[in-house]
Amino acid sequence: MRLPPVFLITHSPRQTQILGEKIAARLQPGDILLLHGDLGAGKTELVRGLAVGLGAPPDAVSSPTFALVHEYPTRIPLIHVDLYRLPVMEAEFILELEEYWQRPVVVVIEWAERLGEELPEDYLDITLTWTEDQERSLEIRGAGRRGKELAEVCEA
Ligand SMILES: Nc1ncnc2c1ncn2[C@@H]1O[C@H](COP(=O)(O)OP(=O)(O)OP(=O)(O)O)[C@@H](O)[C@H]1O
Ligand SMILES: [Mg+2]
């Protein structure tokens, strides 16, 4: 069954982080989150909330500008991937990602559209859109059983 997407509006970076913390409270090893949205849409703010919710200090998270992948040693290890600098998915990196999907970690991917067809079965998909200076609209969809459970968490 396909559920309709969840639509949310946040009015500050903090509110976007709080959504991340709320999702984090329900995360399980193996969960995957795919983030979409232009530069400055708030993807990293959401990741900051996820990391804090999993037990990292707030300043632990920055954009992985030089590295493609950051791993935070949180309650469940959080793997933060940013594909912005990878215009074409390299076969080697796809294999590396698939390895993560088998590990007891949470994976969150910025610029997830760069994955192309290389999608896992279960994931939470969040698209952030700039609406005003401090306001972002979020469209949240879940794929697979876990994705749908996590989408419901966002709705409540
Ligand atoms: N409601 C909001 N939610 C999230 N960020 C907001 C909001 N309002 C303002 N901002 C600001 O927008 C910026 C979002 O930056 P962020 O690094 O999270 O974007 P990003 O989507 O990760 O971009 P990039 O693709 O460059 O990594 C921050 O400067 C943040 O303070
Ligand atoms: Mg970012």
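User: How do the residues of the shell around ligand 1 divide into nonpolar, polar and charged?

Analyst: This is a predicted model, where local features need pLDDT of at least 70, side-chain atom pairs count only at pLDDT 80 or more, and totals for chains, interfaces and linings use all residues. Residues are numbered from 1 along each chain as written, chains are lettered from A and ligands numbered from 1 in written order, and side-chain values use heavy atoms, without hydrogens and water. Ala, Val, Leu, Ile, Met, Phe, Trp, Tyr, Cys and Pro count as nonpolar, Asp, Glu, Lys and Arg as charged, and the others, Gly among them, as polar. The division is four nonpolar, seven polar and seven charged.

User: Which helix gives the most to the shell around ligand 1?

Analyst: Helices are DSSP runs (H or I, at least four residues), numbered from the N terminus. α1 (13-24) and α2 (43-53) each supply at least two shell residues. With three residues, the top contributor is α2.

User: How far is an oxygen atom of ligand 1 from a polar backbone atom of G42?

Analyst: A polar contact here pairs N or O atoms within 3.5 Å. For A41, the ligand oxygen to polar backbone atom distance is 3.2 Å. For G42 it is 3.0 Å.

User: Is α1 parallel, perpendicular or oblique to α2?

Analyst: Their axes, lines fitted to C-alpha atoms over the stretch in contact, come within 7 Å and cross at roughly 45°, on a scale from 0 to 180 degrees between N-to-C directions. Angles under 35 degrees count as roughly parallel, over 145 as roughly antiparallel, 65 to 115 as roughly perpendicular and the rest as oblique. Therefore α1 is, relative to α2, oblique.

Conventions
Polar contact = N/O pair within 3.5 Å; in protein donor to acceptor, adjacent residues only side chain to side chain.
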